[in-house]
Amino acid sequence: PIPSIGNYDYWVSLIETFLAKSNIIEIHCWNDENGVIEEITFLHKQAFQIVIEENLTIFKGSRTCNLAQYLLNNFMSENGNFKWFTVNLIKDNESVFHSGHWATEFFIPNLLEEEVRFIKSVIPVDTSLFQF
């Protein structure tokens with residue numbers, strides 16, 4: 001999936017905000033996304049615990065400055081698509097931020113009203129937003 005606006009301009013603002021609230025980063029890639037898996041393994045092998053499941057490769061590790069910068073600055077692949085199928089930000093085993101389907105779906109629990117206003121200010125106007 002590609003966002004309806006054709007770009008991921010909202011990514012940096014969202015991820016930067018919720019990175020600050022997390023202490024664990026988890027990235028999921030499909031096993032056939034060899035280039036992305038090789039890149040993460042090469043660049044961040046020491047930072048992540050790597051779990052290979054039937055269809056997914058999961059990278060999980062403590063948030064470091066290098067990993068945060070990687071999420072903020074290297075999210076686009078060479079073909080112009082978002083690199084990672086899922087990005088989870090976690091604080092003390094509680095989800096803070098979930099990005100799914102190549103950054104086209106988000107779940108962010110326990111938001112304050114000011115955070116909802118912020119999210120609405122950075123996501124595309126035609127985004128379907130469900131709040132409960």
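Predicted model: local features only at pLDDT ≥ 70, side-chain atom pairs only at ≥ 80, totals over all residues.

Residues are numbered from 1 along each chain as its sequence is written, and side-chain values use heavy atoms, with hydrogens and water left out.

**Stop 1: helix H1**

Select residues 10-19, which make up H1. Helices here are DSSP runs of H or I with at least four residues, strands are runs of E with at least two, and both are numbered from the N terminus. Now show the side chains of Tyr10, Trp11, Leu14, Ile15, Phe18 and Leu19: these are buried (under 20% relative accessible area; exposed is over 50%, partly exposed in between, with a 1.4 Å probe and protein chains only). Look down the axis: they sit on the same side of H1, because they cover an arc of only 140 degrees (taken from the directions from the helix axis to the C-beta atoms). What do the buried residues of H1 pack against? Their partners are E1, H3, E4 (86-91), E5 (94-100), E6 and H4 (113-122), with contact meaning heavy atoms within 4.5 Å.

**Stop 2: Ser22**

Step on into the loop between H1 and strand E1 (24-30), where you'll find Ser22. Ser22 is buried, at 2% relative accessible area. Skip the neighbours within four places in sequence, and Ser22 is in contact with Arg63, Leu89, Ile90 and Lys91.

**Stop 3: helix H2**

Next, pick residues 34-44. Here Val36, Ile37, Ile40 and His44 are buried. Those buried residues line one face of H2, since they fall within an arc of 100 degrees when seen down the axis. Why does such spacing work? An α-helix has 3.6 residues a turn, so residues three or four places apart point the same way. The buried set of H2 packs against E1, strand E3 (56-62) and helix H3 (65-73).

**Stop 4: the salt bridges**

How many salt bridges are there? The count is 3, using a side-chain nitrogen of Lys or Arg within 4 Å of a carboxyl oxygen of Asp or Glu.

- Select Lys21 and Glu115: the closest N and O atoms are 2.0 Å apart. Lys21 is in the loop between H1 and E1 and Glu115 is in helix H4, 94 residues apart. Lys21 is partly exposed at 35% relative accessibility, while Glu115 is buried at 11%.
- Select Lys60 and Glu26: the closest N and O atoms are 3.9 Å apart. Lys60 counts as partly exposed at 33%, and Glu26 is buried at 12%.
- Select Lys83 and Glu39: the closest N and O atoms are 2.7 Å apart. Lys83 lies in the loop between H3 and E4 and Glu39 in helix H2, so the pair ties together parts 44 residues apart in sequence. Lys83 is buried, at 8%, whereas Glu39 is partly exposed, at 25%.

**Stop 5**

Phe107 is part of strand E6 (residues 105-107) and counts as partly exposed at 42% relative accessibility.
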